[in-house]
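Please find below some notes for a colleague who is new to this structure. They are meant to be read beside the sequence and the model.

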Amino acid sequence: MTYNVKIIKKQGQETFKWTGGKTTQLYIYPENSSYEKRNFKWRLSSATIEVEESKFTKLPNIQRKLMLLDGDLVLNHDNKRKINLKKFDVDSFSGDVDTKSYGKCRDFNLMTNKDCRGDLEHLKLESNMVLEYGKNNNNNYKYRFDCFYSIDNCFEILLETGKALSVEAGDLLLIKTKKECENKFEIVNRGEETVDIIKSTVYY
């Protein structure tokens, strides 16, 4: 196996208060870095906005991607760009700008510094559906991280060794692959209910 697999269980994730609600840190890289010190390469989190109007913390030199998970959200960046997000919509913006939000919601966040680039997408995994992932052909990075966050139900990852690992709602599955290595694996829904998954891909 040419990649590392880790499951960050929901019970082990840290939740903090911020001025507009609560935020749960799902993963930070490197793992000994700190959001408060702003010395991370990239970070995944899920947050609630519990007030009708809030102001985002400014994060100089950080690029942000925010996906709406539920609720209503309007973002206003520097009073120049306003966007109304619907469920699973993604907005990309710089942490340098003054960003205000309007509406109560739950969201998913990817933060990257100048050394990384990343993407967010929503996967709808129907009953008995299998998603296959193969070789990585992008060579402009040292590592690739594939992260799968289950919003509501359980799914499995089937490794090339034949081993299956279960990922429950609220867990984060993280797969780290070195440059030019293969990372063949399958994401499987063996249940009867649809699974909504947020996939984050980060190149570093």
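The numbered points go from the whole chain to its sheets and then to single residues.

1. Overall form. The model is predicted. The chain has zero helices and 19 strands. Its C-alpha atoms fill a box of roughly 50 × 40 × 30 Å along the principal axes. The radius of gyration is 17 Å, which agrees with the value near 17 Å for a compact globule of 204 residues.

2. Of the 204 residues, 47% are buried. Among the contacts with a separation of 6 or more, 72% are between residues 24 or more positions apart.

3. Strands of a sheet pair through backbone hydrogen bonds, either parallel or antiparallel. Which order do the strands of the five-stranded open sheet follow? The order is 1-17-14-19-12, and the pairing is antiparallel. Strand 1 (3–8) and strand 12 (117–125) are the edge strands, each pairing on one side only. On average, neighbouring strands here are turned by 15° against each other, direction ignored.

4. Strands 12 and 19. These two strands pair in the antiparallel sense over nine bridges.

5. Ser-200. This residue also belongs to strand 19, which covers residues 195–203. Is Ser-200 buried or exposed? Its relative accessible area is 0%, so Ser-200 counts as buried. Leaving aside neighbours within four places in sequence, Ser-200 is in contact with Leu-44, Phe-108, Asp-119, Leu-120, Phe-145, Asp-146 and Cys-147.

6. Strand 13 is joined to strand 18 (residues 185–188) by four bridges, and the two run antiparallel. Within strand 18, Phe-185 is the bridge partner of Tyr-133.

7. Cys-105. Strand 11 (residues 105–112) contains Cys-105. With a relative accessible area of 7%, Cys-105 is buried. Which residues does Cys-105 touch, not counting those up to four places away in sequence? They are Ala-47, Thr-48, Ile-49, Leu-68, Asp-70, Gly-71, Asp-72 and Leu-73. Asp-70 is 35 residues from Cys-105 along the chain, and their C-alpha atoms are separated by 5.6 Å.

8. Aromatic pairs. A pair of aromatic rings is described by the distance of the centres and the angle of the planes. How many aromatic pairs does the structure hold? There are 15. One of them is formed by Tyr-35 and Phe-40, which are stacked at 6.3 Å centre to centre with 25° between the planes. Phe-40 has a relative accessible area of 1% and is therefore buried. Tyr-35 also has a charge over its ring: the charged end of Arg-38 sits 4.4 Å from the ring centre.

9. An aromatic cluster. Tyr-27, Tyr-29, Trp-42, Tyr-143, Phe-145 and Tyr-204 form one cluster. Tyr-143, another member, has the charged end of Lys-176 over its ring, 4.3 Å from the centre.

10. A cis peptide bond. Most residues other than glycine have a negative phi, and most peptide bonds are trans. The bond that joins Tyr-29 and Pro-30 is cis, with omega about -5°. Pro-30 is placed in the loop between strand 3 (21–29) and strand 4 (42–49).

11. Positive phi in a loop. Asp-78 lies in the loop between strand 7 (73–77) and strand 8 (81–85), and Asn-79 is found in the loop between strand 7 and strand 8 as well. Phi is near 55° for Asp-78 and near 60° for Asn-79; each is a positive value in a residue other than glycine. How does their exposure compare with the cut-offs? Exposed means over 50% relative accessible area, so Asn-79 at 70% counts as exposed. Asp-78, at 34%, is partly exposed.

Terms used
Residues are numbered from 1 along each chain as its sequence is written. This is a predicted model: local features need pLDDT of at least 70, side-chain atom pairs count only at pLDDT 80 or more; totals for chains, interfaces and linings use all residues. Side-chain values use heavy atoms; hydrogens and water are left out. Buried means under 20% relative accessible area, exposed over 50%, partly exposed in between (1.4 Å probe, protein chains only). Contact means heavy atoms within 4.5 Å. Rings of Phe, Tyr and Trp (its six-membered ring) pair if their centres lie within 6.5 Å; planes under 30 degrees apart count as stacked, over 60 as edge-to-face and the rest as tilted. A charge sits over a ring if NZ of Lys or CZ of Arg is within 6 Å of the ring centre and within 35 degrees of the ring normal. Two strands pair if DSSP finds at least two bridges between them. Axes are lines fitted to C-alpha atoms, for helices over the stretch in contact, and angles run from 0 to 180 degrees between N-to-C directions. The radius of gyration is taken over C-alpha atoms; the globule rule is 2.2 Å times the number of residues to the power 0.38.
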